[in-house]
Amino acid sequence: MAPELTSPRAEPLEGLGTALFLQTVHRADGRHPQGGVAGVRELLKADGIGVVYVLPRKDRLRTATEVVHQTRLKAPRAQIMLDASHYSGKQRKLGTAGVDDGWIKRQHNDGVRYALTDSGYVPAQDTASLHRILHQAANINDKLRRGKGVVAALPIAVEWLTLDADQLQKAITDHGTPVALMIEHDKDPLALKNAVQGLAHVLQAPTTVGLLRCDVSVLGALAYGAAMVAVGDSSALRHFFPKKGGGGGYIPGTSILVPRMLGFYRQDKLANAIEDNPDDNAWKCDCRVCQGRNLRWIAESSNPHQNAFNHGTAAISAMAQDLFVNRGDSAARHAAWHEAVTAAEEAHQTAAGWKPTPALRRWQELYETS
Ligand SMILES: [Zn+2]
């Protein structure tokens, strides 16, 4: 088992054990999760990370019980969280509808330590939704026995980060209850001007703040104080889509993580770049799955989709360990992340002649101005 990865923050969630989670959709019909139930369980055990299962609307309760049970069989100590995901889709719930106490109880009865609220969407400037969720979650948390907890899911419009981060931070601070942010956008919310700055500001709230449904930027969030983060195993789970368009930004097919570029790339695009410049170090991966191989092995394997998933999760876990374990002080974490981002920007140029992903620039701006 990998050494424990926790947040340096004063108030991490008690007994959480890891700050890093994989987020994946679980359907009982066998089409999900991406890595297969067995694959996910194997990763949890090998890498010591946790899992957030996004549940289907249909048969949600039965699926929840089943997936917790199945996961426990192989990874008995893994932290599991359940995302009811009512904030997404065309019929999505709004934050003003509040949270369901019964869903919290159900998760605790299933043996989940930290129950995630089934919050609705929090539109820009909708302080009523924001306060309703926080207030209810804080009330539930106050009444719980030791050893159980509630995390308020905050599925927010990105404007909460770009325009109203101060207000968001204040609301979280005032209620003093753990929260997990999820950010709405068509593509990458953290590519927007001021989104990374806003996120870093909110992460400084003196309570537990997490970031779910994200991409490699989870590592930046860990550097800047997130107590828990979840990286999605598909593009649709690396943010959540606005209602209009109904998931138009979904990219089908297999994306492969290039650890040295801190980004996911379509399998065909990556294969072409590797072919053009096969010996570049950027394609080499030292994760538990790849063991120093060139990433081309994934596309050439008999099951690229499964291998891309195994490699991606193992590589992010390894990067989080390298960057942050034994680096308790925030200045050291900021510097480690800055160094990784700088190297990733260079790798884009030198290995493939690609423009670095915009979020990398945003993380640089944050480092340079703080
Ligand atoms: Zn790898």
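This is a predicted model: local features need pLDDT of at least 70, side-chain atom pairs count only at pLDDT 80 or more; totals for chains, interfaces and linings use all residues.
Modeller: Domain 1 covers 20-237, and domain 2 covers 255-369.

Colleague: How many residues does each domain bring to the contact?

Modeller: Domain 1 puts in 28 residues and domain 2 puts in 26. On the domain 1 side, strand E1 (20-25) and helices H1 (36-47), H7 (195-203) and H8 (218-223) each give at least two residues.

Colleague: Okay, on to Asn-194. Why is Asn-194 called partly exposed?

Modeller: Asn-194 has 17 C-beta neighbours inside 10 Å. Buried would take 20 or more, and exposed 12 or fewer, so with 17 Asn-194 falls in between and counts as partly exposed. Asn-194 sits in the loop between strand E6 (179-184) and H7.

Colleague: What makes the phi of Asn-194 worth a look?

Modeller: Most residues other than glycine have a negative phi. Asn-194 isn't a glycine, yet its phi is positive, near 75 degrees.

Colleague: Which loop holds Gln-291, and how do you know whether Gln-291 is buried or exposed?

Modeller: Look between helix H9 (267-276) and helix H10 (296-300) for the loop with Gln-291. Gln-291 has 9 other C-beta atoms within 10 Å; the cut-off for exposed is 12 or fewer, so Gln-291 is exposed. Gln-291 also has a positive phi, about 50 degrees, without being a glycine.

Terms used:
Residues are numbered from 1 along each chain as its sequence is written. Domain bounds come from an automatic or database domain assignment. Two residues are in contact if their C-beta atoms, placed from the backbone, lie within 7 Å. Helices (H or I, at least four residues) and strands (E, at least two) are DSSP runs, numbered from the N terminus.
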